[in-house]
Amino acid sequence: MEKREYIEGQLLYIAHPYGGDEKNKERVQTYLKMLQAKYPEKTLFSPLHNWGYAPYDKEHQHKPMKDCLEVLQRCNALILCGNWRESRGCNQEYAAAYVMDMQIYEIKPTGEICSVESNSRRICDVDERRKRKHGSCPSGLFIPCLSGR
């Protein structure tokens with residue numbers, strides 16, 4: 001049986017670049033299928049599928065992004081897909097999830113799922129995340145925890 005990353009909670013927010021390119025809806029579908037196969041017990045939320053009916057206007061993304069962030073705050077984890085680092089919307093979702101101290105993952109085209117790290121934020125592995133809620137993480141972790149959170 002394939003080892004899979006443990007993700008706490010039921011509702012997973014799946015972020016993928018859009019930018020008005022309809023092909024991105026097809027691209028995220030591939031990731032959704034991989035995620036549903038790995039986590040059949042989870043509920044996946046894809047903003048591209050939820051609001052795909054609405055016309056895209058690059059200059060007026062305030063309301064759509066506000067709607068996305070409203071849903072994101074109700075989710076248990078953020079999973080970033082595709083070329084998300086180049087997407088303004090995905091970066092806003094990442095920043096919001098970071099501020100909310102959510103679990104943040106990236107799914108690779110191969111289906112591999114890993115925690116997202118940055119120079120400003122180091123993430124404990126999931127087992128250590130649970131320990132962090134009840135005190136500081138033990139020393140010697142491969143990925144050190146945030147202190148004082």
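Tutor: Let us begin with burial: a residue is buried under 20% relative accessible area, exposed over 50%, and partly exposed in between, with a 1.4 Å probe and protein chains only. This is a predicted model, in which local features need pLDDT of at least 70 and side-chain atom pairs count only at pLDDT 80 or more, while totals for chains, interfaces and linings use all residues. Residues are numbered from 1 along each chain as its sequence is written, and side-chain values use heavy atoms, with hydrogens and water left out.

Student: What makes Cys 81 count as buried?

Tutor: Its relative accessibility is 0%, and Cys 81 therefore counts as buried; Cys 90, at 1%, is buried as well.

Student: How do you know that Cys 81 and Cys 90 are too far apart for a bond?

Tutor: A disulfide is a pair of cysteine sulfur atoms within 2.5 Å, whereas the sulfur of Cys 81 lies 7.9 Å from that of Cys 90, its closest cysteine sulfur, and this is too far for a bond. Cys 90 is likewise in no disulfide, and the structure holds 0 disulfides.

Student: Why is the contact between Arg 27 and Asp 21 called a salt bridge?

Tutor: The term asks for a side-chain nitrogen of Lys or Arg within 4 Å of a carboxyl oxygen of Asp or Glu, and the side chains of Arg 27 and Asp 21 meet at 3.5 Å, N to O. Arg 27 has a relative accessibility of 40% and is partly exposed, as is Asp 21 at 31%. The structure holds 6 salt bridges, and another of them joins Glu 22 to Lys 25 at 3.0 Å, N to O. There Glu 22 is partly exposed at 44%, but Lys 25, at 17%, is buried.

Student: What makes Glu 106 and Lys 108 part of a network?

Tutor: Glu 106 forms a salt bridge with Lys 108, their closest N and O atoms being 3.4 Å apart. Salt bridges that share partners then join Arg 85, Glu 106 and Lys 108 into one network.

Student: What puts the buried residues of helix H1 on the same side?

Tutor: The buried residues of H1 are Asn 24, Lys 25, Val 28, Tyr 31, Leu 32, Leu 35 and Lys 38. They cover an arc of only 130° around the axis, which puts them on the same side of H1; the arc is taken from the directions from the helix axis to the C-beta atoms. The face turned away from that buried side carries the exposed residues Lys 23, Glu 26, Lys 33 and Ala 37.

Note on methods: Helices (H or I, at least four residues) and strands (E, at least two) are DSSP runs, numbered from the N terminus.
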